Each structure stands twice: as C-alpha cells, then as structure tokens.
Amino acid sequence: MNVIKAVQLYIENMIADAGPGMKMLMMDRETTSIVSMAFSQSEMLQQEVFLFERIDSGRSNERLKYLKCIVFIRPTRDNVLRLQTELKSPKYGAYYINFSNIIPRTEIKALAESDESESVRGVKEIYADYLPVNPNLFSLNIPTCLQSLNWNQEALERSVQGVISVLLSFKFRPAIRYKSSSSTAQTLAKKVHETINKETALFSFRPPEDGSPPPLLLILDRRDDPITPLLNQWTYQAMVHELLTINKQRVDLSDVQGVPKDLKEIVLSSEQDEFFAANLYSNFGEIATTIKGLMDEFQKKVHDQKKIESINDMKNFVETYPQFKKMSGTVSKHLVLISELSLQVSKQQLFEVSELEQEIACRADHSTQLQRVKRLVTDEKINLQNALRLILLYSMRYERHANCGTSGLLKILQDRGGRAHIVPRMLEYISTSARQELFNTVKITDAVKLTRNLIKGLKGVENVYTQHNCVLKEVLEEVTRGRPLDASYPIMGNELPFRRPPQEIVVFVIGGTTYEEALAVHRFNQDGFKIILGGTTIHNGDSFIEEIVAATAGVSFKHSRSLQQFHHAPAGEA
C-alpha cells in the first residue's frame, strides 16, 4: 500500500497506452501537481514525453501533428468544455484521454460529438485524483473545508471524489466507520457509501477468500483533535513544514538570507531524494549527526576527485561524476535546510516553547503552567504566533477552571499586537467530544479505559518534546488490536462488524491531517500493518489557524461569552 507507487503506475500505463514516439502531456492545474509529485521532469523525458501544456491556460494555434497528445485532467465540467474546444480544432495528431476519476457517460457522449476529425484514440478513467505526499500519506490540497462548522459543498464533493479515487487505486470495497459525534464525518461517510453502491461495477472486487474482514475506511474530524496541529514538531519533514512550509513538495527559501540562487526553491521528494526518504522521521538531533556524516563522505569524494593522475583516473571521474554532482546537490540542499531550522529553533526559543506546549497538552498543573505561559507571552523574544499557540492550548485545557486566566493572557497578547480574536473562535471550533476526551474532564466510567490511561501515564516519556500522543494513534491502537469501536465509530450501512481487526486501513481526516499523525501511521506500518493516511490538507500551525478562522466565520459565540471583548478582529484583519 503505497500511494506514490499507485499514482506512478497509473501514469506509466497511461503513457505506455500511447505507444512509442514523441508525446506531449496536457493537464489541468491539479493534475499538474499530481504528476510533478510522482515524477521528475527528467523521468518524464525518459518516457518520451517532451512537451507539457495546461488545458486551462492560453491556447496557441500552432499545429503539431507529429506529436501524440496524452490528456490527463480531472472530470470537471469546465475541463470537458475546454477539451471539446480542443477536439473541434485539434492541434495534435492523436489524443489519448485519461480522466483522474469517474466521468459521467453524458460527458463522454459530448466529447464524442466534438471529435469530428476522429482524433481520439481512447478514453479512460485512471484513479489518481489525489496528491501522493509520502508512501503512506496523501492530501487533497483543500486549504479550508468548513463554513459555519458545516461542509463547504465544493470541498465535500472534492473529498468524496478523492476518497473514492484512493479506494479504487487499491481495489478496496471497505467497511466505513466514522466518528459518531461528528456530523461532517457522517455526511462524508454517507456520500462515499452512496457512491460505492451506485458504482457497483467499479467496486465489484472479489472478497477475501480466507474470510478475513474487508478493508476499513475510517473518517475522522479535525475538530476532535485540535491539539496536534498546534504543537511544534521535532522530526525532519514535520519541522520543515512547521518552520518553512512544504507546498506540494516545494519549500520556498527566497526570503532566507544567504541562500544561493539555485536553492531559492527546494524540492523535497522521498522518491527523488534518498537522504530525505531515509530521514523523513528522524528527530532534530539525529538529523544534525546524519548531515555531518554525509558531509564527511562528500569531502572524502571531493578529495578523491582531485587525484586525477592517469587515463584510468580520468575514466573513473567521468563515470562517477553524475553521482558526485547529485551528492553535491543533496549536501547543499539539506545543509541549507538544517542551518535554517537551527537558526529558527534558536531565534524562536523553540526548546522552551515546545516543552511548555507538551506539558499543557499532556498534564494538568494550572498555577505553574499559567505563570509559565504568562512569562513567555509577555517576553518580546517569543514571536506572536508562538504566543498565540500557547494561549490556544491553555484556553482549551483550562476553559472551565475556576481561576482560568485566558482573558488576562489575551490582554497581554492584544497589547503586543497579536491576534487575540482567534482564541474565542477556537473555543467554538473544538468539538464537544474533544472537550470531554482530550483532557479527561469527564469522569471515565469505563474501567478498562481508565486502567489503560493510568498505565500510559506511568510508562514515562522518552523525550519531553514528544510526550503528546495524537488521537489518531489511540484510535488505531483500538482498531489494530481488534477492540470494539461500535458506539463511538459506527459502521455506515447494513454491514455487520467483524471482530477480527482489518488487514488494510485508509484514514481520512476532515479539516486536515499532520505530519505527526503520518509518523504515528509510519510506526504502525513498521509493525506490519497496512495503513494509509489522508486529509483535506496537511496542516502546520499557521495553516490550521487559518482553517479555524474560515470554519468559524458566521458562527455565534456560545462557549466564549466571557471573552466577549476579544470576539472580533481589529479592522482590516481576519
């Protein structure tokens, strides 16, 4: 179960279908991102794809009849209309049309009517309608998906299509479970279930012969765990996303001082960068040691390259030069990244900030934590975004505490020019079940669960910066051990629950997932499970705060009436 390999296989087959000869690839905005995250341009050239064009950009009238045109687009109404225009006046010799998802028959009929010159050689559906980020992680690149804490209809439709595409990629007809207290999770589960039942021909996969349970699609809601995206991260990929932002495998370093021109934008792909693939989940300390080892190895090779004394040495140099050049690029790229991460950790005082974030997330100690938060929020060296995140965590944990100091903290933040109005919105965003379960504010009546929590608390922690366990990890522990989930995570439809744990699991998080959760899934997979994680987007702290702002727009304030003076943003600010 590897989403990158699944997308690569679809694209390779799509290119192979066009046969030998010079080819061009016509895409839309979204499929361009899908292809670029699966293959580099040089890899596409090796498959005789020499030209790339966007169907939604301006069209030139130059005729290139010697080229075969492979079309790979999403099955949207706009794309079909653009393709009809293209087929009425074809530029290329032959067209091989591939839609990234299910296309209605009426649209195929409309295309056939437009193909008066009979240029189309075939029309196919290939189910690569999602961004493959890591082997176990995909995204739909929907930055915000809720309005007034309900689905934005466009985002709902795109989420259904994305989830269906993933299921078809792996030939899964799953049992569907969703968080019972989340109306958005229930809506998505229902829509996916309806689509599977409607497209019975596509989902007519043979059930496992040994009677093992079907794959599981587990739909979760970000509102049930708003803690995880707010915490600073300490593994490589997660840190880069948190401090520098990864956007479709690209990191923009144009604002970083002293970076060479060719490194102003860096590509981080686990498929194209062996060092990155090997260190995705390494922690900050390990990465520094590993990059030093890479530097030492590189310096040794540089020294060896200088010893060119014979024809044989010259021959060896020419043969090894491509690997040497590649290694040089890898060293330069990761050295720049590590240097900038180190600078940000020091500048933002992240060791101290992160330790307090973890303390608030994992244990209650009101008076001590309030004093520490107050000290850091007052400190001008702590940037406003980190100050806000500390207050958000504090306000959620101590919302009902008799001596809750959120109001005083917000006054300090406001005086420093911070976005104090985000905190009341977060208190509307967090779900009822999160209020009860995240901080154990209700009495736990389940004796087994209580015992488990106590054992977890006694086990100790490897690292003060990684104490926190995301909700997803706890849910997956229940699923993989075959514990019953029926009440909290009911099954959609009439299927009877299996008592044995599923062999394959697809998790989808409405409101975005995180790299911390991807790490949890990676660890389960290391233990032999087959789990894929996806979400409407992949959040860092900043993008999650924007999601909260969008999701709570127009919501009446029920849980934060005591913070009325902070309900609204200053004029001109969101």
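1. Asp224 lies in the loop between strand E11 (216-221) and helix H8 (236-243), where helices (H or I, at least four residues) and strands (E, at least two) are DSSP runs numbered from the N terminus. The model is a predicted one, in which local features need pLDDT of at least 70 and side-chain atom pairs count only at pLDDT 80 or more, whereas totals for chains, interfaces and linings use all residues. Residues are numbered from 1 along each chain as its sequence is written, and side-chain values use heavy atoms, with hydrogens and water left out.

2. Is Asp224 buried or exposed? With a relative accessible area of 9%, Asp224 is buried; the word buried stands for under 20% relative accessible area, exposed for over 50%, and partly exposed for what lies in between (1.4 Å probe, protein chains only). Not counting residues up to four places away in sequence, Asp224 touches Lys179, Ser181, Ser182, Ser431, Ser433, Ala434, Leu438 and Val471, a contact being heavy atoms within 4.5 Å. The side chains of Asp224 and Ser433 are joined by a polar contact of 2.9 Å, that is, a pair of N or O atoms within 3.5 Å; within protein, one must be able to donate a hydrogen and the other to accept it, and residues adjacent in sequence count only if both atoms are side-chain atoms. The C-alpha atoms of Asp224 and Thr432 are separated by 8.0 Å, although these residues are 208 residues apart along the chain.

3. Leaving out residues up to four places away in sequence, Gly511 touches Cys145, Arg222, Thr536, His539 and Glu547.

4. The side chain of Asn279 reaches the backbone oxygen of Phe275 at 2.8 Å. Beyond its neighbours within four places in sequence, Asn279 is in contact with Tyr236, Ile287 and Thr290.

5. For the chain as a whole, there are 21 helices and 16 strands, and 51% of the 574 residues count as buried. Among contacts between residues at least 6 apart in sequence, 82% join residues at least 24 apart. The chain exposes about 27,100 Å², of which carbon and sulfur atoms supply 51%; these areas come from the Shrake-Rupley method with a 1.4 Å probe, and for residues only the protein chains shown count as cover.

6. The largest nonpolar core has 154 residues, and those with the most contacts inside it are Val192 and Val507; such a core is a set of buried Ala, Val, Leu, Ile, Met, Phe, Trp, Tyr and Cys residues joined through side-chain atoms within 4.5 Å. Apart from this core lies another, of 17 residues, among them Leu64, Cys69, Val71 and Leu87. Val507 touches Leu218, Leu220, Leu472, Leu476, Ile531, Ile532, Leu533 and Gly534, again not counting residues up to four places away in sequence.

7. An open sheet of five strands, with parallel pairing, has the order E2-E1-E3-E4-E5; two strands pair if DSSP finds at least two bridges between them. Strand E2 (49-54) and strand E5 (120-125) stand at the edges with a single partner strand each, so one side of each is left without a neighbour in the sheet. From one strand to the next, the twist averages 20°. Strand E3 (residues 64-73) and strand E4 (residues 92-99) pair in the parallel sense over seven bridges, and Tyr96 in E4 is the bridge partner of Ile70.

8. Two helices may be examined against this sheet. Helix H1 (residues 3-17) packs on the sheet, touching strand E1 (23-27), E2, E3, E4 and E5, and its direction makes about 150° with that of E3. Helix H4 (residues 77-88) packs on the sheet too, touching E1, E3, E4 and E5, and its direction makes about 165° with that of E4. The axes are lines fitted to C-alpha atoms, for helices over the stretch in contact, and the angles run from 0 to 180 degrees between N-to-C directions.

9. Which residues cover the two faces of E1? Lys23, Leu25 and Met27 on one side and Met24 and Met26 on the other are all buried. Five bridges join E1 to E3 in parallel, with Ile70 in E3 as the bridge partner of Leu25. E1 and E2 likewise pair in the parallel sense over five bridges, and in E2 the bridge partner of Leu25 is Phe52.
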